Amino acid sequence: MAQGQEQTAPDAVMTRIGQVVMLHHAGDREEARHRFLQLWAEIGEDGDPLHRCTLAHYMADTQDDPADELAWDLRALTAAEELTGDRLTEHDGALAVRALYPSLHLNLAADYVRLGHRTAARTHAHRARSAADALANDSYGDGVRAAITRMELRLAAEGPAGEGDWGPPRQGR
């Protein structure tokens, strides 16, 4: 019985995260941010890496300050990197986390562009491109690959000291 309950708990948390994402996509950014923070407090800094990765990835989209957005995107990447070995087999959808790496790195590249850190932006754009082979050949994969290309072109056109507020499209902006 306890084992069955353990297996439903991650699904329940992912469902709750998905509900907040829908709230955010419906336009209530402030309430979504508030609910994500509540969920983050429940999950905890040492909670399930899949939950932390997913929540932080979406929480970044609700931030007004680029430095705060960067902090959440870094939390998402750190949590994704913790999903190794046995942890990957504990969640049905955890293998899909590998397909998040291109987006995670692309978001970091965009954060660094907004903050004026072009070298870091280029590093993460390169990592996004390197991870893009994990993307499926579907609309999501096509969209992320196109955004990576736009980022690469933008960084190449701007040169090392270029300015701009370009990045992958964020929900609710």
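A crossing of two helices is called left-handed if the near helix is turned anticlockwise from the far one by less than a right angle, and right-handed if clockwise. The model is predicted: local features need pLDDT of at least 70 and side-chain atom pairs pLDDT 80 or more, while totals for chains, interfaces and linings use all residues. Residues are numbered from 1 along each chain as its sequence is written, and side-chain values use heavy atoms, with hydrogens and water left out.

Select α6 (101-114) and α8 (139-158); helices are DSSP runs of H or I with at least four residues, numbered from the N terminus. Their crossing is left-handed. The axes, lines fitted to C-alpha atoms over the stretch in contact, come within 10 Å and cross at roughly 30 degrees. The angle, taken between N-to-C directions on a scale from 0 to 180 degrees, makes α6 roughly parallel to α8, a label for angles under 35 degrees.

Next, display the contact (heavy atoms within 4.5 Å). On α6 the residues are P102, S103, L106, A109, A110 and V113; on α8 they are Y140, V144, A147, I148, M151 and L155.

Centre on A147 in α8. A147 is buried, with a relative accessible area of 3%; buried means under 20% (1.4 Å probe, protein chains only). Its C-alpha atom is separated by 9.9 Å from that of N107, 40 residues apart along the chain.

Finally, select L104, which touches C53, H57, A76, L77 and A80, leaving aside residues up to four places away in sequence.

Key: Helices (H or I, at least four residues) and strands (E, at least two) are DSSP runs, numbered from the N terminus. Angles under 35 degrees count as roughly parallel, over 145 as roughly antiparallel, 65 to 115 as roughly perpendicular and the rest as oblique. Buried means under 20% relative accessible area, exposed over 50%, partly exposed in between (1.4 Å probe, protein chains only).
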